[in-house]
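Please have the sequence and the 3D view at hand while reading.

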Amino acid sequence: MNCAAIKQKLSAVGVEAISETEYARKGFALDVQVAPEQLVAAVSLLDAEGFFIEAVTGVDWLGEQAALRKETEAKVAAEAKAKADAATAAGEEPPPAEPVAEQGELPEDALEAVYDFNHYESFCRVTIRTRMPRSKPEVPSISQIYPGANWHERETHDFFGINFVGHPYLVPLLLPEDADFHPLLKDFRP
Amino acid sequence: MGTQNLQPAIVQFAQLDKLLALGRANSLWPMTFGLACCAIEMMATGASRFDLARFGAEVFRPSPRQCDVMIVAGTISKKMAAAVETLYDQMPEPKWVIAMGNCAISGGPFVFEGQYGIVEGADKLFPVDVFIPGCPPRPEALIEGILELEEKVTGSRRWPRVEVG
Amino acid sequence: MSAFVQSEANETFVLNLGPQHPATHGVLRVKLTMDGEYIVEAEPVLGYIHRMHEKMGENRTWAQFLPNTGRMDYLHALAFNHGYVAVVERAAGIEVPERAEYLRVITSELNRVSSHLLWFGAFILDLGGFSPLLYAFDDREHILDLLESVTGSRLTYCYFRFGGVYNDIDADFVAGARAFIKRLRDRMPMYHNLVTKNIILMKRLQDVGPISAEMCRKYGATGPVCRGSGINFDVRKHEPYSIYPEMDFDVPVYEHGDSMARYMVRMDEIEQSLRIVEQALDKLPEGPVMAEKVPKIIKPAKGDYYHAVETARGSFGVRVVSDGTNTPYRLKLRSPTFSNLSLYGEACRGMLLPDALALMGSLDLVIPEIDR
Amino acid sequence: MIDYLREIISGTWSLFVGLGITIRYFFKPVVTVQYPHQTLPMTPRFRGHIELVKDEETGATKCIVCGMCQKACPSNCITVNGEKQEGVKGKVLTEYTLDFTKCSLCGLCVESCPPKAIAFSKDYNLAGVKKEAYIFDLKKRLEAKN
C-alpha cells in the first residue's frame with residue numbers, strides 16, 4: 001500500500017483533480033477534488049484499501065467568487081497600466097484604454113465538504129474535497145460505507161447545513177434538538 | 001439567599017436555629033455534578049491531598065434530592081441549562097449554590113459577541129451564594145468557598161484565614 | 001459474554017442515562033432502549049457542553065485561540081496545545097529550537113501520565129472501588145506540582161507558544177521529574193497488586209465490551225481503544241512529529257479488544273511515557289526555548305494545513321484553513337474521543353447495563369473534547 | 001472443577017493482597033495538607049489574576065498606556081485608559097480595570113507588555129459572595145499597596 005498506487009486508483013474513478021502534496025508543508029499526502037456524484041465511488045475505494053475515517057468537516061467559501069473577480073480585475077488593470085507605461089516610456093502615444101470586458105453575474109459561492117482518511121499501517125492521509133452550491137448544499141452520505149461518518153456528517157450538518165442525502169438520522173448532534181441555525185456559516189448572525 | 005424560599009416556622013427558637021445552622025454548615029453535602037474542567041479540580045479537592053472530608057463536605061451525592069449544596073463546576077451550555085435548572089429545583093430546601101470557576105460566574109473565556117451556545121453565568125438561572133473565580137480555581141479556593149458558605153450559614157467563621165502575601 | 005436474545009413480547013423501555021450521572025464522566029447523555037437488564041439500543045446524545053471552539057477560532061487571532069486548546073481536553077491539555085501550535089508553525093513556516101521541542105515532549109508526556117492516572121482512578125470508581133482513586137490522585141498531584149512550577153497553572157495549561165515555549169525549566173524541575181519517575185515506578189507494582197490482579201476487576205472487565213479491529217477502522221477509533229483491539233497505531237510512531245523519532249519507546253498493543261485490553265494498554269503506556277521523559281531529560285540540549293524570528297502578528301500563507309498529535313485518548317488533528325490574514329478562516333478540530341465514542345452505540349448492543357458502563361469507562365471519555 | 005476451586009482460592013487471595021496494601025498505607029504518614037492551618041508553598045510562576053507592578057524608583061506604575069494587553073487579551077477582560085498631562089512625557093494611566101470573571105489566565109497580556117508593567121499575583125484562594133468583587137481596579141489596588 002503506498003500513496004502513489006492509491007493516487008492511480010483514485011484517478012481511475014474519475015475525480016476532478018488529484019495531486020500529491022508535500023507532507024512536511026501541508027500535513028496530508030493526497031489532495032483529491034471530486035464532484036459530489038463521484039464521492040461515494042472514491043470513498044468505497046478507500047474503504048476497500050483499508051483506510052479509516054478521520055474526520056468530515058465543511059468550509060464556507062462565502063465571498064470567494066467576489067474576491068476572485070476582484071483579483072482578476074486588478075490583474076487586468078495592472079497589465080493595462082504596465083502596457084501604457086511602457087508605451088509612454090518609449091515615447092509613443094499610449095494606446096486607448098481597452099474597454100473592460102463585461103462580466104456576467106457572479107457565479108455562486110460554494111460550500112465545501114472535506115473528508116480526511118488515513119491508514120493504520122502505512123502513512124497516507126487522503127483529503128477529499130467536494131464542492132456544492134450554497135443555495136443547494138447536497139452531497140451523498142457515506143455513512144453506509146463508514147458508519148463512523150454518521151456523527152461527523154451530523155456535526156457538519158449542524159454547523160453548515162450541508163444536506164447529506166441518504167443519511168439515516170440527520171438531526172442536530174451538538175446543537176440543541178430544535179436548532180435551526182448553522183453557526184459556522186460566514187453569514188450567520190445570532 | 002439559599003433559604004429564601006423556605007417558609008419560616010411559626011414558632012421559632014433562636015438557639016435551636018443556631019444549632020441547626022451549625023449542623024448544616026458542618027455537613028454540607030455537595031452534588032456530584034461536574035460540567036467541565038473545574039470538575040477535575042473539584043475531584044482533586046475531594047481526593048487525598050486536600051480532603052474535603054475535613055469540613056464535612058465529602059459526601060458527594062449523585063442524586064439532587066440528597067444534597068445541600070450544588071457546586072456548578074464548569075460552563076453551562078444552553079442545551080444543558082434546562083437540566084441544571086431541573087437539578088436545582090429537585091434539591092430540597094435549604095439549598096445553596098457555589099459557582100466554581102469563571103465559566104459558572106459569567107461564562108468566562110467563552111463569552112464573545114455573537115456567541116450562540118452558553119449561558120453567561122449560573123446566576124442567570126438561579127441565585128448563587130458563593131463565587132469562586134479562577135480558571136480553574138485551585139482546590140484551596142474551593143475549600144475557601146466551602147468555608148465562606150459555612151460562614152454565611154452560621155454567621156461566623158471557625159477557621160483561620162489564610163493571608164496571601 | 002451474555003447470550004442475549006430479545007424477548008418475544010418485544011417489551012422495551014427507554015432509560016435515560018445522564019446528562020448528570022457520575023458514570024458518564026461529565027455531561028454525556030445516553031438514551032438506552034432496554035429489554036429488562038439488556039440493552040437493545042444505545043444512542044449517545046451530545047452537545048451538553050458544546051463551547052463553540054471552532055466558532056471562536058474564526059473570530060480571534062491565531063495567538064488568541066491558544067487558551068482554548070487547553071480547555072478542550074483538560075486532562076491532556078498540553079498535547080492539544082502541541083497540536084495547535086504545531087499546525088500554525090507548519091503553516092507559517094516557523095522553526096522551533098531543539099530545546100523547546102524537548103520541553104514540549106517532557107511536559108506533555110508527564111501530562112499524559114497524569115491523564116492516565118486520573119482515568120485509572122475514575123474508571124475504578126465507575127466499577128465501584130473508591131480507594132484507588134485516592135492513590136492515583138496522590139501521584140497525580142506530584143505531576144501537577146511539577147507542571148505548575150513550569151507553566152504556572154495546574155490543569156488548563158497554556159504553555160506552548162508559536163516558535164517555542166513560554167518558560168524554561170530549572171534544575172529543580174529536572175530533579176523533581178527524576179524523583180517522580182522513580183516514585184511512580186515503585187508504586188506501579190502496588191497498583192497492579194491492588195487493582196489489576198483483583199478478582200473483582202478481572203471479572204468485571206474480561207471479555208466485556210469487545211471491539212474488533214474492523215469496527216475500529218469503520219469508526220475511526222484511535223489511541224488506546226484501537227491499540228486494545230490489536231491495531232498498532234500511534235501517531236508518535238506513525239507520522240513522527242517533534243523529537244519522538246529520537247526517543248526509544250514501545251507501543252503497547254493488546255489483541256483481545258475487551259475492556260481489560262484497553263485497561264492494560266493504558267497501564268503500560270504510563271511506563272512508556274516515563275521512559276520517554278527519562279530519555280528526554282538525559283538528552284536535553286542547551287539553547288534558547290523560543291525561536292528568534294517569530295513575527296509579532298502571524299499571517300500564514302493561503303491554503304489549508306493539517307497536523308496530528310497523539311493525545312492520551314488518540315489522534316488529535318487540527319485542520320486550519322488560512323486566507324492569509326491574522327485570523328484563521330476555518331479551524332477544524334478532530335478530537336479522538338468523538339470518534340471513539342461513536343462506536344459505543346454498536347458496541348454495547350445486547351450488553352448488560354453494568355457492563356455497558358464498564359465499556360464506557362474503558363473508552364476514557366472527556367466530554368468537552370467530544371462536544372468542543 | 002479444579003480450575004473452579006483454584007479460581008476461588010486465587011481470587012480470595014487477591015482480595016487479601018489488596019486489603020494488605022490499604023492496611024499498610026494506614027500506618028504511613030498522612031499526605032493531606034491541613035489547608036487553613038497549613039499551606040502549600042506557591043511556585044514563583046503561579047498565575048493568579050494580573051496585577052500592576054510598582055516601579056521601584058518612583059513607586060508609581062510602569063504602565064505607559066500603550067494598550068497592548070487590551071489588544072492581546074482573547075476575552076476582552078482588560079480596559080486601559082490614559083490621558084495626556086502637562087509636563088509628563090507620554091500618557092498617564094487613569095484607569096486599569098480587569099474583569100477577572102472572564103479571564104482565562106493565558107498570560108498573553110503579560111507577555112505582550114513592553115515595559116513589563118503587569119505581573120501575575122499569587123492570590124490563589126479567592127472566594128466570596130459577590131461577583132462584582134472580582135472586577136478589579138488594578139490602579140487602586142496598586143495605590144493601596146503603597
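Does C:Cys348 count as buried or exposed, and what is its relative accessibility? At 0% relative accessibility, C:Cys348 is buried; buried means under 20% relative accessible area, exposed over 50%, and partly exposed in between (1.4 Å probe, protein chains only).

## Basis of the model

The model is predicted, so local features need pLDDT of at least 70 and side-chain atom pairs count only at pLDDT 80 or more, while totals for chains, interfaces and linings use all residues. Residues are numbered from 1 along each chain as its sequence is written, chains are lettered from A and ligands numbered from 1 in the order in which they are written, and side-chain values use heavy atoms, leaving out hydrogens and water.

## The disulfide

A disulfide is a covalent bond between the sulfur atoms of two cysteines. Here the term is applied to a pair of cysteine sulfur atoms within 2.5 Å. Over all chains, the search finds 1 disulfide. It joins A:Cys3 and A:Cys124, whose sulfur atoms are 2.3 Å apart. Both residues are buried, with relative accessible areas of 15% for A:Cys3 and 0% for A:Cys124.

## A sheet in chain C

Chain C contains an open sheet of 3 strands in the order S1-S2-S3, with antiparallel pairing. Strands are DSSP runs (E, at least two residues), numbered from the N terminus, and two of them pair if DSSP finds at least two bridges between them. Strand S2 (residues 29–35) and S3 of chain C pair over 7 bridges.

Note on methods
Helices (H or I, at least four residues) and strands (E, at least two) are DSSP runs, numbered from the N terminus.
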